[in-house]
Amino acid sequence: MARQVWAYCERFHMLPQGGTVLCAVSGGRDSMALLHILSRLAGEAGFQVAAAHFHHGLRAAADRDEAFVRAWCRGKGIPLTCGKGDTRAFAGREGLSIEDAARTLRYAFLEAAAQDMGAERIAAAHHREDNAETVLLHLLRGAGPQGLGGIPPVRGKIVRPLLETGRDEIDAYIARNAIPYVEDESNQDAVYTRNRVRLEVMPLLEEIAPGCAARIASAAKLLREENSHLQRETDRLLPAGGKDSILLPAAVLDSQDQAIRRRLVRGMAHRLGVSLSLRQTEDVLALGSGGFLDLPGNLCALRSRERLVLQKQPPPLPPMELREGEQAWGPWRVLVARGRTPMAETPYRAVLRDTGGGLSIAPWDGGGRLAVENGRRTIKRLYLDAGLSLADRGRHPAVLVDGKIAAVFGVAADWGFRPEDGGPLVTVTLLPDGGGTE
């Protein structure tokens with residue numbers, strides 16, 4: 001089996017000549033088989049092997065597992081680094097399942113350990129059946145081609161030398177070489193989704209279609225290859241973009257089929273550090289030849305006939321209660337004055353009837369209506385009439401009285417709050433923070 005694993009590693013350049021491979025070792029049969037194989041290949045292939053073990057703090061037997069790995073590595077002269085984390089506490093803080101929290105902590109430890117020792121690769125012991133289980137789990141979650149491609153042989157520093165090796169081959173190798181290992185009793189607990197797939201679903205599928213795990217893994221390999229081809233085509237079309245925005249000509253986007261259009265939109269967002277769901281991606285494409293859409297990560301999409309632009313926006317300012325006098329609100333100074341002498345209205349000054357109600361300022365998303373000279377109009381329509389850019393319409397400042405919108409700067413004031421001749425007035429003026437007068 002070692003020859004088979006070596007050939008697989010060679011195909012994907014997994015083992016660095018003259019470098020170090022850090023093997024993730026739980027103490028279970030798969031990782032012990034991998035560590036044994038790498039140790040055998042190291043001298044011949046010209047690389048060094050080290051091991052890393054992470055204690056998740058979930059099981060009483062985990063101390064035993066760590067002691068076992070320590071003893072085995074010491075006996076074989078393999079450098080070992082160990083780490084420990086409080087998985088339950090981390091899961092609670094981050095809102096993750098125990099499985100996801102354990103995975104996150106484990107890989108963070110492995111990356112840090114590899115960095116500390118200068119290891120070029122981190123070897124994980126995922127095998128063919130693990131890959132088939134992953135494909136099924138991703139299918140149940142509604143994954144696209146990338147997810148249905150299963151576990152990649154190489155991702156960054158992570159390599160998986162056993163990915164095309166079957167569990168039965170690993171068992172035979174363990175027996176033939178009398179390799180000791182420990183059993184993780186939580187692997188038999190069907191409360192974990194992956195365990196249930198492995199213990200209940202896969203045996204049933206194998207009964208219905210013997211050998212299906214290998215065929216699922218083979219299908220995943222095919223999908224990975226085709227997905228890689230599509231991604232290369234997408235990358236060829238994607239513009240470089242900047243730190244905060246990326247622009248794609250409409251002619252490029254509209255000339256592609258729907259599959260590539262989806263990839264282009266998601267690729268644009270990815271270059272700005274945001275991952276879009278399928279629904280969010282379709283919403284961007286549904287903008288057609290014009291429109292605006294808020295997206296996660298303070299991202300927005302602006303579509304015109306000529307281009308699609310995805311750009312980062314600063315987070316909207318929080319609402320703030322106003323008092324008489326001067327106060328700061330984000331990049332603005334806000335001046336509030338009361339009296340009976342009217343001041344001229346400007347795009348940055350709202351003059352209102354003073355009802356005595358509580359004043360506040362907030363970015364306004366365009367919802368609701370204002371009573372204006374020619375009747376009640378939607379604020380979105382008023383934004384359009386005022387020529388307000390699509391990107392600014394969800395962040396434009398407005399004055400509220402007792403929580404009710406009274407005026408939108410540079411757009412309109414509600415006639416219900418218009419001043420009465422000789423009556424009390426309240427004037428709210430916006431000035432750039434630190435900058436002169438209007």
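**View 1. Helix α5 and the residue that follows.** Just after α5, Gly118 takes a positive phi of about 75°. The model is predicted: local features need pLDDT of at least 70, side-chain atom pairs count only at pLDDT 80 or more, and totals for chains, interfaces and linings use all residues. Residues are numbered from 1 along each chain as its sequence is written, and side-chain values use heavy atoms, with hydrogens and water left out. Helices (H or I, at least four residues) and strands (E, at least two) are DSSP runs, numbered from the N terminus. Helix α5 covers residues 98–117, 20 residues in total. From first C-alpha to last, α5 reaches 29 Å, close to the 28 Å expected at 1.5 Å a residue; the expected span is 1.5 Å times one less than the number of residues.

**View 2. The buried residues of α5.** Ala101, Ala102, Leu105, Phe109, Leu110, Ala113 and Ala114 of α5 are buried, meaning under 20% relative accessible area (1.4 Å probe, protein chains only). Their cover includes β1 (20–24), β2 (48–55), β3 (80–84), α4 (87–94) and β4 (121–123).

**View 3. His36 in helix α2.** His36 lies in α2, residues 29–45. His36 counts as buried because its relative accessibility is 16%. Apart from neighbours within four places in sequence, His36 is in contact (heavy atoms within 4.5 Å) with Trp72, Tyr173, Asn177 and Ile179.

View 4. Strands β8 (residues 291–295) and β9 (residues 299–303) pair in the antiparallel sense over five bridges; pairing requires at least two DSSP bridges between two strands. Leu293 stands opposite Ala301 in β9. Three residues lie between the strands, and Gly297 in this hairpin takes a positive phi near 70°.

Conventions. Buried < 20%, exposed > 50% of the residue type's maximum accessible area, 1.4 Å probe, protein only.
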